[in-house]
Amino acid sequence: MPLSKILFKTGVNRENTRYATEGGWYDSDKVRFRQGSAEKIGGWIPFSSTAFEYGVCRALWSWVTLANEGLVGVGTNLKYYINRGGAFFDVTPIRSTVVLTNPFSVASVGTSTVNVLDVDHGCATNSFVTFSGGAITGLGGNITAAKLKGEFQLTVIDDNNYTITVDAVSIAADVSGSPGGTTVVTQYQINAGPSFQVPYNGWSAGTWGGGTWGEGEAGVNALQLWNHRNFGEDLIYGARGQGVYYWDAKKELAPIQVTISIGAPGVITMPGGFNLPNGTLVQFESTGALPTGLVVGTTYFVRDSVTNTFSVAATISGSAITTSGSQSGLQFISQRGVNLYGVEDINTPIVHNYLLVTDTRFVVLFGTNEFQNTTLDPMLIRFSDQENPFVWEPLATNQAGSLRLSLGSEIVTAVQTRQEIVVITDQAVYSMQYLGPPFVFGAQPLADNISIIGPNAAVVASGVVYWMGVDKFYAYDGRVQTLNCDLRRYIYNDINLEQNQQVFAGTNEGFNEIWWYYCSKSSTAIDKYVIYNYEEKSWYFGTLARTAWLDASLLNSPIAATYNKKLVLHEVGVDDNETGTPAAITAYISSSEFDIEDGHNFAEVWRMLPDLTFDGSTANSSPELELTLFGLSNSGSGVTGQKSGDVVKGSTFVVTEEFTGQINTRVRGRQMILRGKSTKLGTTWQLGATRLDIRKDGRR
């Protein structure tokens, strides 16, 4: 028989049996398709030499300031960071500031655990608290004032008590000196969340009054998912189910300390060369008393700024605070990134589930509290005045307002696309459009009886919105439709739906791809991905542990977060270089079963003639691809014989690159499976049309 050219359809198909999908690919890992040909995906390198310190990253956002400085926002379940120049700066918002009196105590000798008393503290375990103030004292022994100052991660005991761990071991004097601490300025960062969803069930589980008497409530603790968008060069951000915060890009990321003076009636003078713009949030720390009207540790807004003098107000639009008395030699501390707005203003939303900043400069919250109400309404949408994220009270003189959707029980997410915002609830899809005054925004239902698996499962690519549902995939390009998926059964038979909030989508526009990452059925950590190539309308899948993804809109390459608290740039190089030491990426593609003349006779393949390219492999490497041919007696027999051979790149190039010319096989069977696999450092490849030299054999 003449040589037989083996060509397979683009993409991987697992919707039928391996034999029924003849002519296609059936299994893959870290492989994509380009113009119908399978090739290894690109490698990854560190985004910066440092890692962030706390938590699992669940959100990434990048933007550029007016000074042309690139910033990346990193939201973890414990903290929020901004990466600038490769360094991570903690800008986790402050939830509240209180002054406690003698809150510290230790119960025994030889412990580093200190109990903190604060009635109705409202904290969650693993959240962070900072103690400061010039009046703070120690407990009388090893636990000195210096050991009690600074930031600590806390563990909740009950509604009124939590513990911290200090860098000291208590002695008898600390026990007898408890409770102590004198006057302690206490700053609580916003509450942390779990690193993965934790199901709960039974008595005392869940919310108060939830479930039936004696049995409690069943449910899942939500992840800490961050929402963030830039408003010009500034950042509006917050965690799902918590408040909304504003970070001003004009501020330094690292706190600064300078000597200032305060004189009546509240004019604050900075040293020459320091100028804080109006709206900057500031705090004061003193070894003595501040002038009457100012409180240590309280956050204020700068106003009336002239050169190096300014006044402060309690709110962004409040009146300047008048002080009595004066003080000098104070240490001014600028807390960059705790810039909460609206805490003391009932007109401003205090809770939200999702947020967007529109192209027309509105801040829009999805799932929030009503005007002059503090209760979360998961179907309510509120929007600020145009060009002003601090004005939320609906008046005839502005465009602030709200609207409520009706189909569903909660708004899950929203995506901004061509002249509209696509809003997805747990039941329906809406189109939200700008109408102008007096209605400002309106929403029309597009489809009902749909689903979405999680808040980060939707993405827009080439003007089309794609999202992953709880049992299928969807697309919206002017109409909502089910997306045909060749891997639907494979994915949903092996997905942990109890970890649905971990699912996230990301685009890789350079390759016309949408990636969805998810947890396999037996895992509570993300370990799998599925890709849809919207240009070639093909699907493929693999294994990779990532926790967040951001496409290369402002960066040269897509950026992703790992479980090692690192950010990595994808599609750079050909190896796994996350740690700085290259490691080989194992990549493979395996075909469905194919036969010769419908498998009526056995056939013997005595050699393979490969067709591939190693273009892009590391210059000094010797890249290779292992080609394996598996023989089966019939489609249900299992493999009865196999033969592998390494296709190795040649040392010289003429018109086309040279590699292994043929692989001797002598594999016999009615059906065959072809697999290409690489495990070597510095290797990348694209597989073309392999040819087989076949001899017809008998029927047995």
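These questions and answers walk through a predicted model of one protein chain.

Residues are numbered from 1 along each chain as its sequence is written. In this predicted model, local features need pLDDT of at least 70 and side-chain atom pairs count only at pLDDT 80 or more, while totals for chains, interfaces and linings use all residues; side-chain values use heavy atoms, with hydrogens and water left out.

Reader: How many helices and how many strands are in the chain?
Author: Both are DSSP runs, numbered from the N terminus: helices are H or I with at least four residues, strands are E with at least two. By that rule, the chain has 3 helices and 58 strands.

Reader: What share of the chain's 700 residues is buried?
Author: Buried means under 20% relative accessible area, exposed means over 50%, and partly exposed lies in between (1.4 Å probe, protein chains only). Of the 700 residues, the buried share is 52%.

Reader: Is strand E33 largely enclosed or open?
Author: Strand E33 covers residues 411-417. Of its 7 residues, 6 are buried, so the rest of the structure leaves E33 largely enclosed.

Reader: What is the bridge partner of threonine 155 in E16?
Author: E15 pairs with strand E16 (residues 161-165) in the antiparallel sense, over 3 bridges. In E16, the partner of threonine 155 is threonine 163.

Reader: Which residues touch the most other members of the largest nonpolar core?
Author: A nonpolar core is a set of buried Ala, Val, Leu, Ile, Met, Phe, Trp, Tyr and Cys residues joined through side-chain atoms within 4.5 Å. The largest one has 82 residues. A second, separate core of 20 residues includes Leu100, Phe104, Ile164 and Val184. In the largest core, the residues asked for are Tyr466, Trp467, Met468, Phe473, Ile491 and Trp516.

Reader: How many disulfides are there?
Author: A disulfide is a pair of cysteine sulfur atoms within 2.5 Å. Cysteine 57 is buried at 0% relative accessible area, and cysteine 519 is buried at 1%. By the distance rule, the count is 0 disulfides.

Technical notes:
Two strands pair if DSSP finds at least two bridges between them.
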